[in-house]
Amino acid sequence: MSDLSTRPALITKVIPDSICAEMGFEPGDSIVAVNGQKPRDLIDYQFLCADEFLELEVLDTKGKTHKLEIEKEYDEDLGLEFETALFDGLIQCNNRCPFCFIDQQPPGKRETLYLKDDDYRLSFLYGSYLTLTNLTQKEWDRIEKMRLSPLYVSVHATEPEVRIRLLKNLRAGQILEQIKWFQERRLQIHAQVVVCPGINDGEHLERTLLDLAKFHTGSIPAVASVAVVPVGLTRFRPPEDELIAVTAEKAREVIEQVQKIQGLLSTGKGGKKGKKQNSKSRCIWLADEWFLIAGLDLPSAADYEDYPQIGNGVGSIRQFIQQFETAFEKLQPMPVEPDRKLVWVVGNAVEKAFEPIVQQLNQIPGLSVNMAALCSHYWGQTITVTGLLTGQDLLEALQGRDLGDGILLPSVMLKQGEPRFLDDMTVEQLASSLKTRILPVSGVEELISAAIGLATAEVEF
């Protein structure tokens, strides 16, 4: 953990008309304690504030301490947002995985880009992945006591020697015992397997998936789902990392292998005593990126069931296309006046999949949308997902090009809550360099609204 001391929880926003807004709370105030206990994180805060009677110890912006009493409905929210979900510091990673994206970045960027998150609390709150290699007994006890489930776990391999080789950590070999711990307590995980050709693919991948599938049983399966993801490499990675990029041929091989295992499990041949692992849901899922690399069509929307691994890129493209069709029909865009010409920037990995969206937008009279499907020279990738495009990539690709009335910019490229790319360039700097308007869009409704000229946030040059 980067800082073992619990600091007061700094308030960054007070929701209008909330309990704390009516009491005069302001951004910059801090919560020191709730009912005499110092919350370590947002989980503690939410648990303590679920009571009907609260005594808050508050530190105001002038450094003065106040004690306030609140009577409210059980579970009624106080209306506060905080600078961070962790008041006692981030639990950082103690592994040295060669494919870690943190180690595949250039030096000299903002400090937060180099923090290796391996914190079970962020996993529970936001779905970030952890390895379980750095938990103390006290933290295991807290997971059990507070029922912090599901957690999201980077498994990669279930064979101890293979997982130790990948994580460079002797504690990594305990993964099956740890999953059994979740099973015995009726707690759940969502697992991910990052496939590194030559290390955990082939027979090792089969062993891993079959091992994990054994825990996908009962009404509360310990392994709720497994996402199989291709390793992503950048030109900044350490030269001795022994990693090999996933080729189109390799992607097709993995797709065929995983789909065969999925078929075996669905018929019960991969389970115990010939029974299906779980009749309610598929267990193993392939990330969209496999199909993009392989040049194959994406599975249908029905194949993704309820999208259990959407945050891992499993079905996110198909869901986006489906949401676009629904929103487009709902909004029924009218002709655009005056005429508008826009450039929609995406990663070249989704170019083929998103062509129907561009065609549909261009059916609107007066609107012309050109898709700029880019790879990332910054990261050294020939096939790039949209979220990894940097400001430098856009500047190099779009400079001198006719950008019409502006750029439609997917906000997935930007740091959460801040108009800044992964390479630290700001949207304002890019707009100034390209001498054009930039319209950041999040989701399909914002994409359509920005395209047809309805009110939306934009960055002028």
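## Packing of helices 12 and 13

In this predicted model, helix 12 (residues 391-398) packs against helix 13 (residues 427-434) at an angle of about 10°, and their axes lie 10 Å apart. Because angles under 35 degrees count as roughly parallel, helix 12 is described as roughly parallel to helix 13.

On the side of helix 12, the residues that take part are G391, L394, L395 and L398, and these meet L430, S433 and L434 in helix 13. Sorted by class, the contact of helix 12 with helix 13 comprises five nonpolar and two polar residues, with no charged residues.

## Aromatic pairs

Across the whole structure, a search finds 11 aromatic pairs. One of them joins W140 and W181, whose rings are arranged edge-to-face, with 4.7 Å from centre to centre and 65° between the planes. Since W140 belongs to helix 4 (residues 137-146) and W181 to helix 6 (residues 175-184), this pair ties together parts that are 41 residues apart in sequence. Both W140 and W181 are buried.

Elsewhere, Y45, F82 and F87 are linked by ring pairs into a cluster.

## Arginines over aromatic rings

Two arginines are placed over aromatic faces: R121 lies over the face of Y120, at 6.0 Å from the ring centre, while R282 lies over the face of W285, at 5.1 Å from the ring centre.

Definitions and conventions:
Residues are numbered from 1 along each chain as its sequence is written. This is a predicted model: local features need pLDDT of at least 70, side-chain atom pairs count only at pLDDT 80 or more; totals for chains, interfaces and linings use all residues. Side-chain values use heavy atoms; hydrogens and water are left out. Rings of Phe, Tyr and Trp (its six-membered ring) pair if their centres lie within 6.5 Å; planes under 30 degrees apart count as stacked, over 60 as edge-to-face and the rest as tilted. Helices (H or I, at least four residues) and strands (E, at least two) are DSSP runs, numbered from the N terminus. Buried means under 20% relative accessible area, exposed over 50%, partly exposed in between (1.4 Å probe, protein chains only). A charge sits over a ring if NZ of Lys or CZ of Arg is within 6 Å of the ring centre and within 35 degrees of the ring normal. Axes are lines fitted to C-alpha atoms, for helices over the stretch in contact, and angles run from 0 to 180 degrees between N-to-C directions. Angles under 35 degrees count as roughly parallel, over 145 as roughly antiparallel, 65 to 115 as roughly perpendicular and the rest as oblique. Contact means heavy atoms within 4.5 Å. Ala, Val, Leu, Ile, Met, Phe, Trp, Tyr, Cys and Pro count as nonpolar, Asp, Glu, Lys and Arg as charged, and the others, Gly among them, as polar.
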